[in-house]
Amino acid sequence: MNRHHWWRDAVIYQVYVRSFLDSTGDGIGDLAGVRAGLPYLKKLGVDGIWLSPFYPSPQHDHGYDVADYRDVDPVFGDLAEFDRLAAAARRLGVKVLLDIVPNHCSSEHPWFRDALAAAPGSPERARFHFADGRGPDGAEPPNNWHAMFGGPAWTRVTEPDGSPGQWYLHMFTPEQPDWNWRDPEVAADFDRTLRFWLDRGVDGFRIDVAAGLFKHPALPDSPDPEADARTRDSVNPLAWNQPEVHDVWRHWRAVCEEYTARDGRERLMVGEVSVPTAREHARYVRADELHQAFFFDLLGAPWDDDAFRKVITEAMQDIAGTGSTVTWVLNNHDQVRTVTRYGEPAPEGSGLGAARARAAALLMLALPGAAYIYQGEELGLPEVVDLPDDVLTDPIFRRTGSRARIRDGCRVPLPWSGQASPFGFTSGAESAKPWLPQPEYFAEYATHRALADTRSSWHLYRDGLQLRSALPQLGEGTLRWLDTQPGVLAFSRGDGLVCAVNFTAAPVPAPVPGTPLLASGPCPPGVLPGSTAAWWIDGS
Ligand code: NOJ
C-alpha cells in the first residue's frame, strides 16, 4: 500500500520571526509573539510553520549569519521560550520547521574567530576556505568569484602579527564566511545541531542555500564572473551544485529517519535549491535525499499563461515524474510580494496586482504537491516600495548601493489591528516603533479586519486550505491540462475537480457550468472574469 506521507502535500506557513509579532515592545518580533499567533495560523489551516533563523547572530543578514547554531538570540527569546512555542504548536497540531544555515556562518562564530587567531594552514582555518592571494604581495583575491550580495567573494584578513594575510571566501557578505564542507569537523558539528533540535522535538528543517556547501576543490576562476554577478541565483557552477552535496542530504535524511524510527513522526527537510533546470532540481529530492525543495520557477514566472504552463509542465514531468513531490512557492522573504510583482506596470491602486495574486494563490493551492505561504501573503499585503534609504537594512543595499533587488519591502512587520502603526504588531509602549516603518495603508490589511471580511484574501486562503483537506482530488497526484483559449489555463485534478485561471483582462466562458466551489473574485456561473481563478467540481 502506498502510505501517505504528510509532507508530500503539506502547506507550510513561513514565519519571518522579526516581523510577525512582538511580545516585548522592542519593535522586533520574537518567539513568544509566534506562540501568541499560533491560534491565528491554526485557524488559517496550515499544516506547519517554518521559522526564519532566531539563533544568536549579529544580524548582518537578519539571522542568516549564525554565531551559535544551538541557542536562541536574546532578541527573539531563549531556549525555554522556544520549548514553550514548540509545545504549544504540538498541542495545536502545527508542525515546526527550523531554518538551518549550513553554507556559511557568522564572522562572530567562535570557530571563525579561532580561525582568524590561528596560522595559515592550521586545522582552525581548514574549517573555512582560507587561501593565499594572487599577485606579488598576495593583494589580489585567490579567484575572480563574485559574492551574491555584491563585491568580490573574498576578504583579506590581517594576521595575528599585524601583517596583511590570507583571504577567506564568503559567497554572501564578508560577515558570512563559507564553511569548508570537505573538513569532517564541519559535518560533525552540523550533526550535533540537527540532533540538538530534533531532540527538542522539531518536525524538520528548511535548509538555506542547499545547493551550496561544496565548492570546486581547486577554487578556479569562473569563466564568466560577470554573469555570476548579474543574478542572485546560484549560477557560478564552480561554487554551487557540486556532486558531493548530495551525500550530505543523504546523511541528513538518514538522521531524520532515525528519529522517525524511534517515534513514528516523519520529519521534513525542505531545501532552498536554486539550480538551472527542473531535472537538476529533481536530483535534490530523490527518495533518500531532501523531502522537498522549493521550486522557484513558478515564483520567477511573469503573469503569462504560457510561462505558467511551461514551468508547471516541466515540474510535473521532471520532478513529480520521478516520484518526488513538487514544492510550490509564490512569495518569500527574499522576493517582491506577488501583489506588487504581478501589478506592474498597472497604475497603483488599480487592484490588478491584488486580483492576480489571489488568482495565483488559488492556482498554487490546486497544484499537485506541497505549497509554502509567506506571512502576509494571506492578507494580500503589497510590497512596501517607498521605504526611505535610511531605514533599509538589507545588506544588498549596503553592498551594491542599489535598491533594485532589496528585500526590506517584503519584510515590513505585519499589521494585526487598529488604524495606526504599530497596528498591534508590538504589544509594548505606545511609542514602540516596528523595526521597519509600516505605511498607513497597512490598516486595510490588518488581520482583525481580514478575519471579519469574508471577501478578504485571508478567507480565500482559509477556504482553499479547507477544501484541500476535504477534497481527495487535491493535494498529491497528477493534473491533466484542458483545452482552453489563449490567455487561459485550465486543468483537472482527479475525479472532476477543475481549476482555471484567466490571465487576460476580459471575461471568458467558464470551462465548467454552474457556480464554482471557490473563486478568487466575483465569478458568476458560466463565466470566468479577467484576472480570476476558480475551482469547480465537474458534474457533467
Ligand atoms: C537565502 C535566504 O533566504 C536569504 O534571506 C539569505 O540572505 C541568503 N540565503 C544567505 O543566507
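Two strands are said to pair if DSSP finds at least two bridges between them, and the strands themselves (E, at least two residues) and helices (H or I, at least four) are DSSP runs numbered from the N terminus. In that sense, E14 and strand E18 (residues 532–537) pair antiparallel over six bridges. This is a predicted model, in which local features need pLDDT of at least 70 and side-chain atom pairs count only at pLDDT 80 or more, while totals for chains, interfaces and linings use all residues. Residues are numbered from 1 along each chain as its sequence is written, and side-chain values use heavy atoms, with hydrogens and water left out.

**Ligand site**

- The ligand is surrounded by 13 residues, of which the closest are Asp61, His104, Asp208, His333 and Asp334; a residue is near the ligand if one of its heavy atoms lies within 4 Å of it.
- This shell divides into four nonpolar, two polar and seven charged residues, where Ala, Val, Leu, Ile, Met, Phe, Trp, Tyr, Cys and Pro count as nonpolar, Asp, Glu, Lys and Arg as charged, and the others, Gly among them, as polar.
- For polar contacts (pairs of N or O atoms within 3.5 Å), a side-chain N or O atom of Asp61 is 2.5 Å from an oxygen atom of the ligand, and a side-chain N or O atom of Asp334 is likewise 2.5 Å from a ligand oxygen.
- Arg206 places a polar side-chain atom 3.1 Å from an oxygen atom of the ligand.
- On its own the ligand has 300 Å² of accessible area, and the protein covers 97% of it, with areas computed by the Shrake-Rupley method using a 1.4 Å probe.

**Domains**

- An automatic or database domain assignment supplies the bounds, dividing the chain into domain 1 (110–169) and domain 2 (480–537).
- The centres of domain 1 and domain 2, taken over C-alpha atoms, are separated by 57 Å.

- In strand E14 (residues 497–502), six of the six residues are buried, meaning under 20% relative accessible area (1.4 Å probe, protein chains only).
- In a regular strand the side chains alternate between the two faces of the sheet.
- Leu497, Cys499 and Val501 point one way from E14, whereas Val498, Ala500 and Asn502 point the other way.
- Strand E13 (residues 488–493) pairs with E14 in the antiparallel sense over six bridges, and Ser492 has Val498 of E14 as its bridge partner.
- The hairpin of E13 and E14 has three residues between the strands, and there Gly494 takes a positive phi near 50°.
- On the E18 pairing, Asn502 has Thr532 as its bridge partner.

**A three-stranded sheet**

- An open sheet of three strands runs in the order E4-E6-E5 with antiparallel pairing.
- Strand E4 (130–131) and strand E5 (154–158) stand at the edges, each with a single partner strand, so one side of each has no neighbour in the sheet.
- E5 pairs antiparallel with strand E6 (residues 164–169) over four bridges, and Thr158 stands opposite Pro164 in E6.

**Backbone exceptions**

- Most residues other than glycine have a negative phi, and most peptide bonds are trans.
- The peptide bond from Ser421 to Pro422 is cis, with omega near 15°, and Pro422 is found in the loop between helix H13 (395–400) and helix H14 (447–452).
- Phe423, also in the loop between H13 and H14, has a positive phi near 50° and is buried at 1% relative accessibility.
- Gln59 has a positive phi near 65°, is found in the loop between strand E2 (48–51) and helix H2 (79–92), and is buried with a relative accessible area of 16%.

Definitions and conventions. Polar contact = N/O pair within 3.5 Å; in protein donor to acceptor, adjacent residues only side chain to side chain. Buried < 20%, exposed > 50% of the residue type's maximum accessible area, 1.4 Å probe, protein only.
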